[in-house]
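This report goes through a protein model by topic. Please look at the sequence and the 3D view before reading on.

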Amino acid sequence: MQMNLYPFQFEPILKERIWGGTKLKNYLNKPITSEITGESWELSTVPSDVSVVKNGLFKGKNLNELIDLYPEEMLGKSVFARFGKQFPLLFKYLDAREDLSIQLHPNDELAKARHNSFGKTEMWYVMQADENARLIVGFKEDSSREEYLHHIENKKLISLLNEVPVKKGDVFFLETGTIHAIGAGIVIAEIQQTSDVTYRIYDWDRVDANGNERELHTELALDAINYKTTFAKKEYKSTENKSISLVDCPFFKTNIIPLNGELLIEKNDDSFMVFMCTEGSFELFLNDEKYTYQTGDTILLPAILSTFVLKGTATLLEVTV
């Protein structure tokens, strides 16, 4: 039965957001019908948002059901040993038509104690950025709880924070506790721990369609914030048909593959592998089968699938644990 496993794709879980737009359809071919779609959850086991297979023999089954059937074969030996049957990552595409709220995420210890959840270490890959687009990442200079509270109370938080101009291909690694916000005019591929715990600390004084402001988490955030400056941007050099490291942290490893032609992939069975196609198109050849993908596709390769060939012209994010 193990050999029934194959490269999986899942139905996107689309999320309307006050700051969302239409680029997930225009750039990434997502079936959105709303003018304010902010997120496409590509691979998720967040409760009530579990991804459902859209291709092949297991079409209609969800990711948790697959893992129940084939835990080690799906997740990998080391991932299963560490996390049991829990899928440890969440994959998303985001379209920020407007600035997102300024926020941060707690670490594993705080998240476990307060929310019975993982923390939320994450990374961003910038797929598209309008002219003058920027992110907010951390403090300009080392700060303190007292200075932070003073600026929050006087609506001057922005003056403390580090705004970074961005362009296509930029990579940011956000450790827990880092204050951050995606700015308007950016499409991002996001890889993170499986968690939906966010502490929102400022929302630009926005109100929703009913005139209500979104909830802020000022008190919860105080013990979770890293008040030191952070250096979140990751530098790298692209090399065609090579797997180049972007992020290597305890929770995930992300490489980038600038594919141009043909590339043989050989891996062990310690971890599953996920590809996010951020640009172009490609084919994957496995056991005499051909699978075809395009920009915006996310593919889960079960750990048991060890050898396959990629062909095409595409930019791929390659993720393992």
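## The model

This is a predicted model, in which local features need pLDDT of at least 70 and side-chain atom pairs count only at pLDDT 80 or more, while totals for chains, interfaces and linings use all residues. Residues are numbered from 1 along each chain as its sequence is written, and side-chain values use heavy atoms, with hydrogens and water left out.

## The largest pocket

Rolling a probe the size of a water molecule over the atoms shows where empty space is left. Here a 1 Å grid over the protein atoms alone is used, and a pocket is an open set of points where a 1.4 Å probe fits, with protein on both sides within 12 Å along at least five of seven lines. The largest pocket has a volume of about 440 Å³; this volume is the space filled by probe spheres set on the points, which are joined across faces, edges and corners. Lining residues have an atom within 4 Å of a point. There are 25 of them in the largest pocket, and Arg17, Trp19, Glu39, Gln103 and Arg200 are the closest to its centre.

Strands are DSSP runs of E with at least two residues, helices are runs of H or I with at least four, and both are numbered from the N terminus. Strand S1 (13–21) is among the elements that give two or more residues to the lining of the largest pocket. S1 supplies the largest share, 4 residues. By type, the lining divides into 9 nonpolar, 5 polar and 11 charged residues. Nonpolar covers Ala, Val, Leu, Ile, Met, Phe, Trp, Tyr, Cys and Pro, charged covers Asp, Glu, Lys and Arg, and the others, Gly among them, are polar.

## Aromatic rings

The structure holds 13 aromatic pairs. Rings of Phe, Tyr and Trp (its six-membered ring) pair if their centres lie within 6.5 Å; planes under 30 degrees apart are stacked, over 60 edge-to-face, and the rest tilted. Tyr148 and Tyr227 are edge-to-face, because their ring centres are 6.0 Å apart and their planes are at 70°. Tyr148 lies in helix H6 (residues 145–153) and Tyr227 in the loop between helix H7 (218–222) and strand S14 (233–234), so the pair ties together parts that are 79 residues apart in sequence. Buried means under 20% relative accessible area, exposed over 50%, and partly exposed in between (1.4 Å probe, protein chains only). Tyr148 is buried at 0%, and Tyr227 is buried at 15%.

Ring pairs also link Tyr6, Phe8, Phe10, Phe58 and Tyr70 into a cluster. A charge sits over a ring if NZ of Lys or CZ of Arg is within 6 Å of the ring centre and within 35 degrees of the ring normal. Lys15 lies over the face of Trp41 at 4.5 Å from the ring centre, and Lys311 lies over the face of Phe285 at 4.8 Å.

## Two loop residues

Asn132 is not a glycine, yet has a positive phi of about 70°. Asn132 is in the loop between strand S7 (122–129) and strand S8 (134–139), and is exposed, with 71% relative accessibility.

Asp288, also not a glycine, has a positive phi of about 65°. The loop that holds Asp288 runs between strand S17 (273–286) and strand S18 (289–294). Asp288 is exposed, with 84% relative accessibility.

## Cysteines

A disulfide is a covalent bond between the sulfur atoms of two cysteines. The structure holds 0 disulfides, counted as pairs of cysteine sulfur atoms within 2.5 Å. Cys249 is buried at 9% relative accessibility, and Cys277 is buried at 0%.
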